[in-house]
Amino acid sequence: MRALIGAALLAAGRPVRAAELAKLFELPEAQVAAALQSFIGEVQQADLGFQVEAVAGGYRLVVPPALAQQLAPLLAPPPLPSLSGAALEVLAIIAYRQPVMRAEIEAMRGGSAGTVVTLQERELIKVVGRSEALGQPLLYGTTERFLLEFGLRSLADLPPLLSEGTEFSQLLRG
């Protein structure tokens with residue numbers, strides 16, 4: 001079972017849920033979840049130069065941060081260029097308020113939400129539906145890639161809002 005789990009996480013190249021592994025191996029999910037936890041412990045104890053990361057509702061193999069800088073030339077793909085302050089603000093509004101209309105984003109920011117297109121191109125946000133409001137404007141929400149890029153297991157892992165007056169850009173910096 002350990003070899004199967006390790007091979008599956010390596011081959012997938014993306015987070016894999018325990019339920020997916022259970023279906024793949026045709027075993028009860030509880031049995032696979034227990035084996036997965038055992039595998040995670042063994043990998044940590046063995047110090048093999050990789051670790052199992054719980055992210056976006058699943059598990060994946062990653063290079064530990066302590067080794068990542070030394071191995072940077074080998075790691076692919078290269079990181080995305082950093083987001084502008086405006087893009088971070090729009091992304092934070094969407095993450096905390098989703099589903100949200102563009103007009104709501106602009107009202108909260110006090111300005112344009114032009115970075116929505118950039119965030120969609122980077123697959124950090126997506127259209128999740130239409131509002132019942134006049135004209136049925138699009139509603140935006142975050143994607144699984146958002147969770148991956150920010151190292152979150154789920155939206156519940158977002159840091160709490162500090163106060164009503166806190167700027168969203170402050171939450172994603174630091």
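Which residues have the most contacts inside the largest nonpolar core? They are I105, L119 and F146, in a core of 22 residues. A nonpolar core here is a set of buried Ala, Val, Leu, Ile, Met, Phe, Trp, Tyr and Cys residues joined through side-chain atoms within 4.5 Å.

The model is predicted: local features need pLDDT of at least 70, side-chain atom pairs count only at pLDDT 80 or more, and totals for chains, interfaces and linings use all residues. Residues are numbered from 1 along each chain as its sequence is written, and side-chain values use heavy atoms, without hydrogens and water.

Helix 5 gives the most, seven residues. Helices are DSSP runs of H or I, at least four residues, and strands are runs of E, at least two, numbered from the N terminus. A second, separate core has 16 residues, including A8, F39, V43 and A54.

The whole structure holds one aromatic pair. The ring centres of F146 and F150 are 5.0 Å apart and the planes meet at 40°, so the pair is tilted. Pairing requires centres within 6.5 Å; planes under 30 degrees apart are stacked, over 60 edge-to-face, the rest tilted. Both residues lie in helix 8, four residues apart.

Burial is under 20% relative accessible area, exposed is over 50%, and partly exposed is in between (1.4 Å probe, protein chains only).

| Residue | Relative accessibility | Class |
|---|---|---|
| F146 | 2% | buried |
| F150 | 32% | partly exposed |
| G141 | 0% | buried |

G141 sits in strand 5 (residues 138-142).

Terms used. Phe/Tyr/Trp six-rings, centres within 6.5 Å; stacked < 30°, edge-to-face > 60°.
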